[in-house]
Amino acid sequence: MGIQEHLWEFPCVHRLKIMGLSSHPMVDIVVEIIGKHAPGFDRDSISCKESGSGKYISVTVAVHFTHKEQVEAVFLELHERKEVAMTL
């Protein structure tokens with residue numbers, strides 16, 4: 001998995017939206033993964049929204065990325081988590 005580097009300018013702040021079932025601790029999962037790859041990220045940037053039925057939740061977070069490998073590591077680890085249905 002690789003990003004199209006020509007579309008990114010580093011360093012940058014990018015908003016990620018991570019979606020999963022609301023029965024999972026999605027905020028904790030996001031904080032764990034983002035904190036590992038972007039220590040010191042602004043936890044106040046986290047916002048959550050439930051789907052209309054309440055079955056799913058989306059967690060949006062602003063992440064300061066400094067290089068391509070950091071972006072790829074975050075997306076890869078989110079992709080590997082069974083609780084995460086989609087990452088945008």
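Colleague: Which residue is the bridge partner of Glu50 in strand 3?
Modeller: Ile57 is the partner of Glu50 there. Keep in mind that this is a predicted model.

Colleague: What about Cys48, which residue of strand 3 stands opposite?
Modeller: Val59 does.

Colleague: And in what sense do strand 2 and strand 3 pair, over how many bridges?
Modeller: Antiparallel, over four bridges. Strand 2 covers residues 47-50 and strand 3 covers residues 56-65.

Colleague: Which residue in that hairpin takes a positive phi?
Modeller: Gly54, near 85 degrees. The hairpin has five residues between the strands.

Colleague: Zooming out, what's the strand order in the sheet?
Modeller: The order is 2-3-1-4, in an open sheet of four strands with antiparallel pairing. Strand 2 and strand 4 (84-87) are the edges, each pairing on one side only. On average, neighbouring strands are turned by 25 degrees against each other, direction ignored.

Colleague: Which strands does helix 1 touch?
Modeller: Helix 1 packs on the sheet and touches strand 1 (12-21), strand 2, strand 3 and strand 4. Its direction makes about 20 degrees with that of strand 3.

Colleague: And helix 2, which strands there?
Modeller: Strand 1, strand 3 and strand 4. Here the angle with the direction of strand 3 is about 160 degrees.

Colleague: New topic. At what angle do the two helix axes cross?
Modeller: Roughly 155 degrees, with the axes of helix 1 (residues 26-37) and helix 2 (residues 68-80) coming within 10 Å. That makes helix 1 roughly antiparallel to helix 2.

Colleague: Which residues make the contact?
Modeller: Ile33, Ile34, Lys36 and His37 from helix 1, with Gln70, Ala73, Val74, Glu77 and Leu78 from helix 2. By class, that contact has five nonpolar, two polar and two charged residues.

Notes. Residues are numbered from 1 along each chain as its sequence is written. This is a predicted model: local features need pLDDT of at least 70, side-chain atom pairs count only at pLDDT 80 or more; totals for chains, interfaces and linings use all residues. Side-chain values use heavy atoms; hydrogens and water are left out. Axes are lines fitted to C-alpha atoms, for helices over the stretch in contact, and angles run from 0 to 180 degrees between N-to-C directions. Angles under 35 degrees count as roughly parallel, over 145 as roughly antiparallel, 65 to 115 as roughly perpendicular and the rest as oblique. Contact means heavy atoms within 4.5 Å. Ala, Val, Leu, Ile, Met, Phe, Trp, Tyr, Cys and Pro count as nonpolar, Asp, Glu, Lys and Arg as charged, and the others, Gly among them, as polar. Two strands pair if DSSP finds at least two bridges between them.
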